[in-house]
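Dear colleague,

I am passing on the structure we spoke about, and I would be glad if you kept it open while you read the notes below it.

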Amino acid sequence: MQNNFTESMNILNTIETSTLTETQLRTYNELYTYNLNHSLKLKESKEFLVRNLLAAKKDTTGITDFYHKISSSKHYDLKKASRRSRLFPGLGLFYVNEPNKAGTSILLNGIFAGYTAYSIYTKYYFTAVLTGMAQFMRFYNGGRKAALNFASKKNTRTSLNNLILIDEYCRKKYLDN
């Protein structure tokens, strides 16, 4: 998908803008801004939008605040989620704001760790290794993977929502006046 926007940018860069009519130039500017946004070049997009609006003598107030708000939206660090889950089962899920799943992870890991410890205490070593440790490791690793999956999905959702907001904002700015 990213390749499509790069190819589109290459094609747009070959167009001689001085030969375009006013309507064609506005469409060109909207497309160029759209491609910059979707290529996640938000700084360049903001600068391009401001430059074109100033050239068209249109209002540029609030653009910096809007782009700052979008760029500072909540994204989860995948490495941090994984590290926290590795440190203590369920912490990564708490980090990505999934408290119910984190509580379940802590409970299940605690049960299997306790079962393993009890099996070792009662000298059922084979049972401890086969059932207790195996299940503990399964839920321990599953919790880490779940934290990464939730963080990734939430980051994607936030990015897509931001792109929609940016596209609507840019379109409105270009169409104003």
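Predicted model: local features only at pLDDT ≥ 70, side-chain atom pairs only at ≥ 80, totals over all residues.

The place to begin is helix H7, residues 99-121, together with helix H8, residues 125-175, whose axes come within 8 Å of each other and cross at roughly 165 degrees. Because angles over 145 degrees count as roughly antiparallel, H7 is roughly antiparallel to H8. The crossing of these two helices, H7 and H8, is left-handed. On the H7 side the contact is made by Lys 101, Ser 105, Leu 108, Asn 109, Phe 112, Ala 113, Tyr 115, Thr 116, Ser 119 and Ile 120, while the residues of H8 that take part include Tyr 125, Thr 127, Ala 128, Phe 136, Phe 139 and Phe 150. Sorted by class, the contact of H7 with H8 holds 12 nonpolar residues, nine polar ones and one charged one.

Two residues in this contact can be looked at individually. Ser 119, which has its place in helix H7, counts as buried, with a relative accessibility of 3%. Once its neighbours within four places in sequence are left aside, Ser 119 is in contact with Tyr 124, Tyr 125, Thr 127 and Ala 128. Phe 139, found in helix H8, counts as partly exposed at 28% relative accessibility. Not counting residues up to four places away in sequence, Phe 139 touches Leu 108, Asn 109 and Phe 112. As a guide to distances in the model, the C-alpha atoms of Phe 139 and Thr 14, which lie 125 residues apart along the chain, are separated by 54 Å.

How many salt bridges does a search of the whole structure find? The search finds one, and in it Glu 98 is paired with Lys 154, with 3.0 Å between the closest N and O atoms. This pair links distant parts of the chain, since Glu 98 sits in the loop between helix H6 (91-95) and H7, whereas Lys 154 belongs to helix H8, 56 residues apart. Are the two partners, Glu 98 and Lys 154, buried or exposed? Glu 98 counts as buried, because its relative accessibility is 16% and the cut-off for buried is under 20%. Lys 154 counts as buried as well, at 16% relative accessibility.

By class, the contact of H3 with H4 has seven nonpolar, two polar and one charged residues.

Gln 24 counts as partly exposed, with 42% relative accessibility. The C-alpha atoms of Gln 24 and Ser 85, which are 61 residues apart along the chain, are separated by 53 Å.

With kind regards

Note on methods: Residues numbered from 1 in each chain as written. Heavy atoms only, no water. Axes fitted to C-alpha atoms, helices over the stretch in contact; angles between N-to-C directions. Helix = DSSP H or I, 4+ residues; strand = E, 2+ residues; numbered from the N terminus. Parallel < 35°, antiparallel > 145°, perpendicular 65-115°, else oblique. Left-handed = near helix turned anticlockwise from the far one by under 90°. Contact = heavy atoms within 4.5 Å. Nonpolar A, V, L, I, M, F, W, Y, C, P; charged D, E, K, R; others polar. Salt bridge = Lys/Arg side-chain N within 4 Å of Asp/Glu carboxyl O. Buried < 20%, exposed > 50% of the residue type's maximum accessible area, 1.4 Å probe, protein only.
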